[in-house]
Amino acid sequence: MTQTSENVTWLTQEAYNKLKEELDYLTGPARTEISAKIAAAREEGDLRENGGYHAAKEEQGKQELRVRQLTQLLESAKVGEAPAANGSVAPGMVVTIAFDGDEDDTLTFLLASREYASSDIETYSPQSPLGTGVIGHKVGDDAQYELPNGKKASVRILTAEPYNG
C-alpha cells in the first residue's frame, strides 16, 4: 500500500490508478461544474450577501486543496507490489496487536495512508505513534510507542498480513 519515507510514497498499481482517476475528475469535470456554479451565483447580483456564491467559492477551495494533495502524492509515488506475507509489519499490512501483551485487549488495523481508510477496518498511518512503533517488528515481537501524553505504551504483534481490500 503506502510507505512515506524521505517523501516517497509506495503505492500498488491499483491504488495509484484510483488516485489518478480522482485527480483527473477533479481537474476536469469537477472544475467545470464548480466554475458553472460560481458563474450562476455571480449573476444573482450583490456578492457580499450571496450565500450561493460564497458556498461555491468555499467548495472550490476545498477541491483545489485536494488537487494539490493528490498531485503531490502522485508525484512522489513509487508503484510497487503489496508487502510480502512474511510476518513482518510494513505499510499495507493488516496488523493485530495486544495491548500490554493482554490477548483479551486487542486491536486490528490497516497500516496505511489515510487514502486507504475505509469503513471496513480502522486505519493507522505509518507516521502515527502506533505506526512508527510497530513497523519492522515481526509477529510475536513486543513493541513500544509514545502516547500523546508522553507515556510509553507496549503492544505485542499477534498477526501481520497483507491487506486484500
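At what angle do helix 1 (residues 13-27) and helix 3 pack, and how far apart are their axes? In this predicted model, the two helices pack at an angle of about 145°, and their axes lie 10 Å apart. Two packed helices are described by these two quantities, the angle between their axes and the distance between the axes. The crossing of helix 1 past helix 3 is left-handed. On the side of helix 1, the residues that take part are Tyr16, Leu19, Lys20, Glu22, Leu23, Leu26 and Thr27. They meet Gln63, Arg66, Val67, Leu70, Thr71, Leu73 and Leu74 of helix 3. By type, the residues of this contact divide into eight nonpolar, three polar and three charged.

The secondary structure of the protein chain consists of four helices and eight strands. Read from the N terminus, the order of the elements is β-β-α-α-α-β-β-β-β-α-β-β. The chain has 165 residues, of which 35% are buried. Among contacts with a separation of 6 or more, 50% are between residues 24 or more positions apart.

In soluble globular proteins, nonpolar side chains tend to be buried together. The largest nonpolar core of this model has 15 residues. Within this core, Val89, Val95, Ile97, Phe109, Leu130 and Val134 touch the most other members. At least two residues of the core come from each of strand 4 (93-99), strand 5 (106-111), helix 4 (129-134), strand 7 (142-146) and strand 8 (152-162). Strand 8 gives the most, with four residues. The surroundings of Val89 can be listed in the same way. When neighbours within four places in sequence are left aside, Val89 is in contact with Val95, Leu111, Val134, Ile135, Gly136, His137, Ile157 and Ala160. There is also a second, separate core, made of eight residues, and Leu19, Leu26, Leu70 and Leu73 are among them.

Leu158 is located in strand 8. Its relative accessibility is 23%, so Leu158 counts as partly exposed. Residues up to four places away in sequence not counted, Leu158 touches Thr96, Ile97, Ala98, Glu103, Thr106 and Val139. Along the chain, Leu158 and Val95 are 63 residues apart, while their C-alpha atoms are separated by 7.5 Å.

Asn50 belongs to the loop between helix 2 (29-42) and helix 3. Asn50 is buried because its relative accessible area is 5%, and buried means under 20%. Apart from residues up to four places away in sequence, Asn50 touches Ala41, Glu44 and Gly45.

Ala55 lies in helix 3, which covers residues 51-75. With a relative accessibility of 44%, Ala55 counts as partly exposed. The separation between the C-alpha atoms of Ala55 and Ala41 is 9.5 Å, and the two residues are 14 residues apart along the chain. Ala41 is also one of the residues touched by Asn50.

Note on methods
Residues are numbered from 1 along each chain as its sequence is written. This is a predicted model: local features need pLDDT of at least 70, side-chain atom pairs count only at pLDDT 80 or more; totals for chains, interfaces and linings use all residues. Side-chain values use heavy atoms; hydrogens and water are left out. A nonpolar core is a set of buried Ala, Val, Leu, Ile, Met, Phe, Trp, Tyr and Cys residues joined through side-chain atoms within 4.5 Å. Buried means under 20% relative accessible area, exposed over 50%, partly exposed in between (1.4 Å probe, protein chains only). Contact means heavy atoms within 4.5 Å. Axes are lines fitted to C-alpha atoms, for helices over the stretch in contact, and angles run from 0 to 180 degrees between N-to-C directions. A crossing is left-handed if the near helix is turned anticlockwise from the far one by less than a right angle, and right-handed if clockwise. Ala, Val, Leu, Ile, Met, Phe, Trp, Tyr, Cys and Pro count as nonpolar, Asp, Glu, Lys and Arg as charged, and the others, Gly among them, as polar.
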